[in-house]
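Please look through the sequence and the structure shown here before reading the points that follow.

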Amino acid sequence: MFTLAEVASLNDIQPTYRILKPWWDVFMDYLAVVMLMVAIFAGTMQLTKDQVVCLPVLQSTVNSKAQPSTSGKADFTTVETTTGQGEEASMRTVSFGGAPTVTADVPLSRATSSQYQPTESGQELKKEQKDSSGRKTNLDFQQYVFINQMCYHLALPWYSKYFPYLVLIHTIILIVSSNFWFKYPKTCSKIEHFVSILGKCFESPWTTKALSETACEDSEENKQRLTGAQSLPKYVSTSSDEGSPSASTPMITKSGFKFSADKPLIEVPSVTILDKKDGEQAKALFEKVRKFRAHVEDSDLIYKLYVGQTVIKTVKFIFILCYTANFVNTISFEHICNPKVEHLIGYTQFECTHNMAYMLKKLLISYISLICVYGFICLYTLFWLFRIPLKEYSFEKVREESSFSDIPDVKNDFAFLLHMVDQYDQLYSKRFGVFLSEVSENKLREISLNHEWTFEKLRQHVSRNAQDKQELHLFMLSGVPDAVFDLTDLDVLKLELIPEAKIPAKISQMTNLQELHLCHCPAKVEQTAFSFLRDHLRCLHVKFTDVAEIPAWVYLLKNLRELYLIGNLNSENNKMIGLESLRELRHLKILHVKSNLTKIPPNITDVAPHLTKLVIHNDGTKLVVLNSLKKMTNVAELELQNCELERIPHAIFSLSNLQELDLKSNSIRTIEEIISFQHLKRLTCLKLWHNKIVNIPSSITHIKNLESLYLSNNKLESLPAAVFSLQKLRCLDVSYNSIALIPVEIGLLQNLQHFHITGNKVDILPKQLFKCVKLRTLSLGQNCITSIPDKVSQLLQLTHLELKGNCLDRLPATLGQCQLLRKSGLVVEDHLFDALPPEVKEVLNQDTSIPFANGI
């Protein structure tokens, strides 16, 4: 049995899921309530009213003697008589409609014996019967009650007795069927989640603001109203009369609509203001909608369950209608009862009347009418379920009415739930669609971002870089805050891991901006912003995973001076950059490529005549084809690092304007080709560090103008005298080799300012070293030196001296005569420094205003 609480819980569903109850479900719920009331009313009446009333049918002989009543009313006469044995009998005579019936409340045995006793009292009885107009029976009151109860079960049809209970059971089944999809375990959680999300989406402030903003973008009239909304911030009229332009205002069609510089859209604060709490709630809703869609869209269980319960209700309606139509005529007033209790009563047949028949029949007809209406609604529901494809839902109207053209169509259970919501109110799905749009989500992120990153907060993140320029680095944000473009004095802007970065026209305010970094940030640029960047940007860094991520507008920055490309540019992806892609960069001077090239891309040679510096950092991939280098006749600096080169490329010898060559981190073992460098008259810096060079050929003397030579991290065991014939040499770096001796010819390098021999096997310092009086940096650490000559005092310009990691037991006191040397420039063990005389330490501890420089 259903308890009252269980039945009541079905009603509690209605307020919660009312948005999923179309009009037919609501109507059927009301019909079920009426049917429930019919059942309760009929049951109550059956419990409170008499059931049936029965009278015996007399024998034909008795019936033939009956006299019709002329009064037309029921005459009731009771005659009391006393038999010879002193027995008493009470008799009633009742007449119904001219057919008199005599009833007698006497026992059957007494009535039988009195018929055969011709006593005086019998004569009196005959006299009374002759005077009465009814018919007598020999039944007592209790016998009538007994017959009434017995004939209620025998003569009365079962449908008349159980009609209220059947109506109650049917109604409860229909109610349960209507709400089963709300209670089924595999669907109730999805429905509850959907209703919860839908309600929050409908009530979210972001929904209203997003729809309002898109309406402003699509309609010029709305834009005019919003521009004037500053005077009425609490209300923006949407009526056509209030929002229509005046007669003097020229009409602008949508197709010809352009943003006006005098009335920018960003002037409207009422559209973009959003509380931080509301913004966070809206962000959470976007994530919930995304997860709910992934969870629900792959099945159609809810749809099938709803169809199934509708089919069940339809079958139930047909079943009720069929058997009810057969039994509707069985409810009548008159019933013949033949209880086989003649030995108790003395009569074999009774005529009974059902005093509730009239009311029950009317209730049954009403119930049939309700069932018919209910059934027609079920049939309409089935027609609706199969008439249109409910497993697909299109937001076409929403896309047409708003700028959210990216709202995707949904299917399966997600689509069916939205179709059901449309039957309640289409505004729900329209507002829900806002949270399916990536455009809407990006706009929300933009607004939230602007709330979080204010001008004051951005100003706190501005720093000074090594070039003493104001720099701002933004990392992993949802977009670029608008306040960034108010930092008009910014020199360098770094954007890293910002996938939805957009550069608006406001960047034209940043007149000092000349350097831009885009690290995994395919930024989109407005037309006005591009014009500004094309004319003002000088340096651009682009870090990417695939070449397709490089924004197309990068290749059109005709005034760009420096371009840094860091990412995957292998041979398969080189074709993605067209030959004309770099041709527009007519003023490009520096090109830095850090990738995994196997050859120099042909499109780089398109800008070869303009380049003055080319840097290629290969991540261990062997660079094979280098012939295109010959076209770069104006290149002054060339770096080929980590390219797995085994020899110095011959193409380099054609670069007559080359001034600096860096072949760091390759696999070069021999440099016999160095003799060809004599044709490079302007070569002043040669960096062959981090290779596998064993010796230096004597032909190095042909590089007359060489000023810097870097041979660190190789396998050199000695320094040939030819190196010291380079009279212009100012920097010599042979650190981290296996050199055991510094040749005395080093004294010939009178212009030497920086000498690095750290990490070798030197044990003695030649006195000729201290004839290089222009030395400013002397790195002698991690060797086997046992003493430092006192002649170190001759190095008056010395600012940096590294001695740490040797076998020294003391430092010469003459260090105090090195006028520019200070403790900060002296790299030595603490105990050696502490062993110096106090006056020397005092000199070394003095502050100096001369900046430190090592020339590296």
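UniProt positions are given here in the numbering used for this structure, feature names are shortened, and annotations may be inferred rather than shown by experiment. With that in mind, the unreviewed UniProt entry carries the annotation "transmembrane region" for residues 27-47, 162-182 and 364-386. The model itself is predicted, and the values below are computed from it.

**Annotated spans**
- Residues 27-47, one of the spans that the UniProt record annotates as "transmembrane region", are 100% helix and 0% strand in the model, and their end C-alpha atoms lie 30 Å apart.
- Residues 364-386, which the record also lists under that annotation, are likewise 100% helix and 0% strand, with 33 Å between the end C-alpha atoms.

**Disulfides and other cysteines**
- The whole structure holds two disulfides, and when the bonded cysteines are counted along the chain, they follow the pattern 1-4, 2-3.
- Cys54 and Cys352 form a disulfide with their sulfur atoms 1.9 Å apart, and the torsion about the S-S bond is about 110°, so this disulfide is right-handed.
- This pair links distant parts of the chain, since Cys54 lies in strand S1 (residues 52-56) and Cys352 in strand S6 (residues 350-354), 298 residues apart; both Cys54 and Cys352 are buried.
- Cys151 is joined to Cys337 by a disulfide with an S to S distance of 2.0 Å, and this link is left-handed, with -85° about the S-S bond.
- Here too the pair links distant parts of the chain, with Cys151 in helix H6 (residues 141-154) and Cys337 in strand S5 (residues 334-337), 186 residues apart; Cys151 and Cys337 are both buried.
- Cys372 is partly exposed, with a relative accessible area of 22%, whereas Cys643 is buried, with a value of 0%.

**Thr314 in helix H15**
- Thr314 belongs to helix H15 (residues 301-327), and Thr314 is buried, with a relative accessible area of 6%.
- Leaving aside neighbours within four places in sequence, Thr314 is in contact with Cys378, Leu379 and Leu382.

How values were computed. Residues are numbered from 1 along each chain as its sequence is written. This is a predicted model: local features need pLDDT of at least 70, side-chain atom pairs count only at pLDDT 80 or more; totals for chains, interfaces and linings use all residues. Side-chain values use heavy atoms; hydrogens and water are left out. Helices (H or I, at least four residues) and strands (E, at least two) are DSSP runs, numbered from the N terminus. Buried means under 20% relative accessible area, exposed over 50%, partly exposed in between (1.4 Å probe, protein chains only). Contact means heavy atoms within 4.5 Å. A disulfide is a pair of cysteine sulfur atoms within 2.5 Å.
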